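Below are some notes for a reader new to this structure.

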Amino acid sequence: MEDLEKKRLEGFERVFGAPPTLRVSAAGRINLIGEHVDYCGGKVFPASLNLCCTVYARPNGTGIVNVYADDLDENAKLEIGKIADYKHLKWGRYQAGVAYVLAQAGYPLVGCDLYYSCTVPFGSGLSSSAAIEVATAVALNEIAGTPYNLKEMALLSQKAENEYCGVSCGIMDQFASAMGKKDRAILLDCKTLDYEYVPFALGDCELIVANCNKPHSLVESKYNERRAETDAALAKLREVYPQITCLAEVTPAMFEEAKGVLEGKIRDRAEHVVYECARVGEAAEAMRAGDVEKLAALINASHDSLSKLYEVTGREPDALAYAARRQPGCLGSRMIGAGFGGCTISIVKKECAAAFKAQVGIEYQRETGYAASFYDTSIEDGVTVRRL
Ligand code: GLA
């Protein structure tokens, strides 16, 4: 047995006094392109990672869901009858939120012990919270023996984050975590939730995920501010185009025609969304056609727009992406996720990957004082379930 698995199983018995009966994993994600457009009804292009949240579980015959995290040594006792009352918890409220929305949607809850072990780095922009939510939703249903579908679990997980935890995130992260497939990217239309899998193929290049390791700050308030700004832009553009229901329905040509009704930052935010949505379609085409250079150029354009128009990058993510682009064999690099810290993805020729990591690490640290981390990633199934 793998060492890590053995350690976790021993940990479970130490904490809960008996072995688990179930193991569920839900993945973190990268997003190739389509950033800050999911809540505007745009298309996104994420893929689920080998980095994941794993939950070991067993029913405990009580009315309590016990949760414990081995990486944080945190625990919480969630009484099923009082599941609405845990919003204040510093740790455990994501799990409580998922249990709460499941119960509200009519899924029965059964008392159980849940042991969390997460390899998605927290606060990294790789969606550790979505991984925790989706893993919790699946584990609770598996323990209760209730049939469920993964798309529904993604939606309920998002609902928990929006309504219980107070973060107004879109659907991308939970969807990618629940619906991801090995060696596939998901082209997801966030307005209709239609999706298709596109083979994740980068020819003689690989995808390198790097963390700028600057602690996120202000993410939630800035995120909610951007959402309000895009709502304001939509309201103004509807004066010109009454038929539109979301910003993603505005094409670049429509935007150029009507942008005079928008002012200052609101215009910049809308411009990012409109052109980012256009780039997603081109990127999916480029990936299908094996045109990695084109894909990488679009990735660069995405970052530049997030930096200049949407203003969600900041000094460190900019420094990391630009250090990456200076390296031989790097075709493109950008920040992913909500921003204000977190991770970048870079498309790099395989033969240059080792030198790339070393040199980016040096240049980034010289510039910012932070040491970057690089992860060994692969694209894997979003959810896996195993009876033990
Ligand atoms: C966070 C949110 C997502 C999405 C991204 C930005 O990861 O959870 O819904 O909005 O930011 O693209």
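This is a predicted model: local features need pLDDT of at least 70, side-chain atom pairs count only at pLDDT 80 or more; totals for chains, interfaces and linings use all residues.

1. C190 is in no disulfide, and the nearest cysteine sulfur, belonging to C277, is 9.0 Å away. C190 counts as buried because its relative accessibility is 11%, and C246 counts as buried at 8%.

2. Salt bridges number 28 in the whole structure. One of them joins the side chains of R334 and E35, at 2.8 Å from N to O. R334 sits in strand 10 and E35 in the loop between strand 1 and strand 2, 299 residues apart. Both R334 and E35 are buried.

3. K191 and E249 form another salt bridge, with their closest N and O atoms 2.5 Å apart. K191 is in the loop between strand 7 and strand 8, and E249 in the loop between helix 6 and helix 7, so the pair ties together parts 58 residues apart in sequence. K191 is partly exposed at 47% relative accessibility, and E249 is partly exposed at 24%.

4. R269 in helix 8 pairs with E311 in the loop between helix 9 and helix 10, and their closest N and O atoms are 2.9 Å apart. R269 is buried at 3%, whereas E311 is partly exposed at 30%. Both belong to a network of salt bridges that also links K222, E225, R226, E229 and K265.

5. G337 lies in the loop between strand 10 and strand 11 and is buried, with 4% relative accessibility. Leaving out residues up to four places away in sequence, G337 touches R29, E35, H36 and G125.

Key: Residues are numbered from 1 along each chain as its sequence is written. Side-chain values use heavy atoms; hydrogens and water are left out. Helices (H or I, at least four residues) and strands (E, at least two) are DSSP runs, numbered from the N terminus. Buried means under 20% relative accessible area, exposed over 50%, partly exposed in between (1.4 Å probe, protein chains only). Contact means heavy atoms within 4.5 Å. A disulfide is a pair of cysteine sulfur atoms within 2.5 Å. A salt bridge is a side-chain nitrogen of Lys or Arg within 4 Å of a carboxyl oxygen of Asp or Glu.
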